[in-house]
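Subject: Structure handover and what turned up in it

Hello,

Here is the structure for you to look over. Please open it first, then read the notes below.

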Amino acid sequence: MHNYSANRYPTDTHSFAKPTEAVVKHLELDLDVNLTNKSISGTATYTVTASQNAAEIIFDTKDLVIESVLLENGQAADFTLGEEKLYLGIPLHISIPQHTTKLSIHYKTTAKSAALQWLAPEQTGGKQHPFLFTQSQAILARSWLPCQDSPGIRFTYNAQVKVPVGYLALMSALNPQEKSLDGTYNFSMTKPIPSYLMALAVGDLEFKPISGTTGVYAEPAQLEQAYQEFTELPEMLAVAENIYGKYSWDRYDLLLLPPSFPFGGMENPMLTFVTPTIIAGDRSLTSLVAHELAHSWSGNLVTNATWNDFWLNEGFTVYFERRIMEALHGQDYADMLKVLGYQDLQHTLEEIGHSSKDTCLKLDLTNRDPDEGLTEIAYEKGNLFLLAIEATVGREIFDQFVKGYFKDFAFQSMTTEKFIAYLEAKLLPPDSPYSKIINPEEWIYQPGLPITGPVITSNRFEKVQEQVTLWLNTTPANALKTENWSTHEWLYFLNGVSSQLTYGRMAELDQTFNFTDSGNAEILAVWLHEAIKQEYLPAEAVLENFLLHVGRRKFLVPLYKALREQNPEQAKSIYTKARANYHAVATSTLDALLF
C-alpha cells in the first residue's frame, strides 16, 4: 500500500514552529497602517490546536516588536523571544495552559520589516500618494505578522485593516471594490492558506471589473491601460478550469503594483500582484498572468510542504501556464515559450554548474535563504520533467492524473517523497516500462538534465533563426523579414545574434528597430544587457533610467552583474541611487553582488 498521505507536518528547517505539538488553524487580524510613520501595529488572534502534552506554541518573528500576549480569558501569557538565527529571525515561545484554544499577540512592525515596501509618492505611478505593499514569499511573512511561517501549515483568516481616509486596502482575500468613507476595511479568507500567501497593499487604488468574477486594481493613471492589457483574463480562467477542474477561490483579480515590485507576479489568492513591466500594449507578456493564475491550482491549492520541495509549485505552474497559452493562442505560440524557457534553464545550468546539487529538483536549503532555491531549476527543469511524463504516457492520461492530484490533495501540502509515492500509485508503478523510460528518481534527485529529456523545438523560431543567420552573414537589418513578430520572436532574435554583436552592428539594429526606445521591458532588458557589454553609449541614459525605476529582480540581477564586470564604479554609483526604489527581496541579492 502506498503511503502518500503520511507526514502531515514534515520537518521544515525554515520555521521554528513545531506544528505536531501546537498549530494555528484560524487568524483574526486587526491592523492599523500608518503611512506617515511607515509602520503597522495590531493584534493577531489565533485559534490553535495543541496536543495534550504541549506546554508551549512557537511562532516565527523577524524584526517585530512583540508587546504582549493574552490568552482567551484575557490573562497575560508568559512568552520569551529566543536566539536570533540568520535568515530565520527569532522564535516566539508562548506558554499555553492545557486546553488553550485562542491567544492574541499584540505587536508592531519596524523599519527593518523586510516584507514591507513603503513607497514615497514619487515612487508610484500617480506621484501624489504614498503606497505600501507586502511580499511574503518565501519566509518574509514573519516580518509583518507573527505566524507559523511554513508552507506546510495552513489557516483561514479574517482581518480588519484601518488605513488613512482616501486610501484603499487590499488583501489575499475577498476584497472591497471602492474606498471606504472611514478608511476601515474588512476581509475574509475562508479557504486555508499558508503564511507566504498573506498579502496586504494600501494605496490610491481603483477597481475596474473585467467580468463577474475578474477585475483589475491599479492606480488611477494606470487603470485603463491595465484593463486593456488583461481583458483575456476571463477566457484564461475558463481555459484553466477546462483543463484541470473548477477554480476554488471564488474571484480572480489582479493588482498592478508600482514598478519596484521585485517579481513578475505573486500568486496571492484571489488577488495576484503583478509588475507593470508586463504592460506592453499588445498583451504579448500576459503569459505571466497565466502563470500566476495556474498557481491557483499548483501552489495555492496543493502547496510545497517545505521550500526544498519548491519545484512542486513551480514546475507544475510553468507546465500549466503553457497549456493555458496553447489553448488560447495555439501550439506554435506555446512552443516559443518552451524554447525560451529552455534557453533560460541552460543559462542557469551553466551558471550554477551542471553537477551542482542545486540543479536537483529536490533541494537541501538547510541554513540557507530559501530564496536561493528560486531558480530556473524549479521552474524549467520541473516543467521538463512533467513534459517527459506527458510525452511518455500521453496527454489525456497525464491530464487525468494531474486533475486527480489537484482534487485528492486540495488545500494540503505536498513533499517530493509523497508526490513520488502518489505518482507510483496512480500513474508510474516502479516496474512499469513507462517508469523505466522516464526514471523519476533521476529527474528529482540527480543534478543536471537526463539525456533522455524531451527535445524542445519551435517552428516559428526556426523562421527567426533564418533571419538571424542572414543578418550574421551581413544582410542589412532593414532587409530582414520581421513583420508581425511577437515579443518572443524578438527575444529569440536578440539571443541568437548576441554572441556576434559589435558596437557598429548594435547601432545598425538600433537604427532599424529602435530597441533602445522599446516600451517592452523584456526586450529592453535583453538589449540593455548587450549595450553594457558593448559600452553602447546611446543606451547609457536609458540603462540608468531603467535601473532607477524598475525593481524586478529578474531584470536587475543580470544587468548589474554585467555592469559590475564592465564598470564596477558605475554599477555601484547607479545602485546607490536606485537602492531605495527596490524591495528587500532585490536588495538582499544585490547588496551581496555589489558590496
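Helices (H or I, at least four residues) and strands (E, at least two) are DSSP runs, numbered from the N terminus. Residues are numbered from 1 along each chain as its sequence is written, and side-chain values use heavy atoms, with hydrogens and water left out. This is a predicted model: local features need pLDDT of at least 70, side-chain atom pairs count only at pLDDT 80 or more, and totals for chains, interfaces and linings use all residues.

Most residues other than glycine have a negative phi, and most peptide bonds are trans.

Phe411 sits in the loop between H7 and strand S20 (412-414). Its phi is positive, about 60 degrees, although Phe411 is not a glycine. Phe411 is partly exposed, with a relative accessible area of 24%. (Buried means under 20% relative accessible area, exposed over 50%, and partly exposed in between, with a 1.4 Å probe and protein chains only.)

Glu535 is not a glycine either, and has a positive phi of about 50 degrees. Find Glu535 in the loop between helix H14 (521-534) and helix H15 (540-549).

The peptide bond from Gln137 to Ala138 is cis, with omega near 5 degrees. Ala138 belongs to the loop between strand S9 (131-134) and strand S10 (154-162).

**Two helix pairs**

Two packed helices are described by the angle between their axes and the distance between the axes. Here, axes are lines fitted to C-alpha atoms, for helices over the stretch in contact, and angles run from 0 to 180 degrees between N-to-C directions.

Take helix H4 (residues 310-329) and helix H7 (residues 395-408). They pack at about 125 degrees, with axes 13 Å apart. That makes H4 oblique to H7. (Under 35 degrees counts as roughly parallel, over 145 as roughly antiparallel, 65 to 115 as roughly perpendicular, and the rest as oblique.) The H4 and H7 crossing is left-handed. (Left-handed means the near helix is turned anticlockwise from the far one by less than a right angle; right-handed means clockwise.) H4 contributes Leu312, Phe316, Tyr319, Arg323 and Glu326 to the contact, and H7 contributes Arg395, Phe398, Asp399, Val402, Tyr405 and Phe406. (Contact means heavy atoms within 4.5 Å.) By class, the contact of H4 with H7 has seven nonpolar, no polar and four charged residues. (Ala, Val, Leu, Ile, Met, Phe, Trp, Tyr, Cys and Pro count as nonpolar, Asp, Glu, Lys and Arg as charged, and the others, Gly among them, as polar.)

Now H15 and helix H17 (residues 568-578). Their axes come within 9 Å and cross at roughly 40 degrees. That makes H15 oblique to H17. The crossing is right-handed. From H15 come Glu540, Glu544, Leu547 and Leu548; from H17 come Gln570, Ile574, Lys577 and Ala578. The contact of H15 with H17 divides into four nonpolar, one polar and three charged residues.

**Covered helices**

Helix H3 (residues 287-294) is mostly covered: eight of its eight residues are buried. Among them are His291 and Glu292.

In helix H8 (residues 416-426), the buried residues are Thr416, Lys418, Phe419, Ile420, Ala421, Tyr422 and Leu423. The buried residues of H8 pack against H4, helix H6 (376-393), H7, S20 and helix H10 (440-445).

Thr516 is in the loop between helix H13 (503-513) and H14. Thr516 is buried, with a relative accessible area of 7%. Its side chain makes a polar contact with the side chain of Asp510 (2.6 Å). Another, of 2.9 Å, joins the side chains of Thr516 and Trp527. (A polar contact is a pair of N or O atoms within 3.5 Å; within protein, one must be able to donate a hydrogen and the other to accept it, and residues adjacent in sequence count only if both atoms are side-chain atoms.)

Arg553 lies in helix H16 (residues 553-566). Arg553 is buried, with a relative accessible area of 13%. Its side chain makes a polar contact of 3.4 Å with the side chain of Thr589.

Glu21 is in the segment before strand S1 (22-34). Glu21 is partly exposed, with a relative accessible area of 34%. Leaving out residues up to four places away in sequence, Glu21 touches Thr49, Ala50, Ser51 and Ala54.

Best wishes
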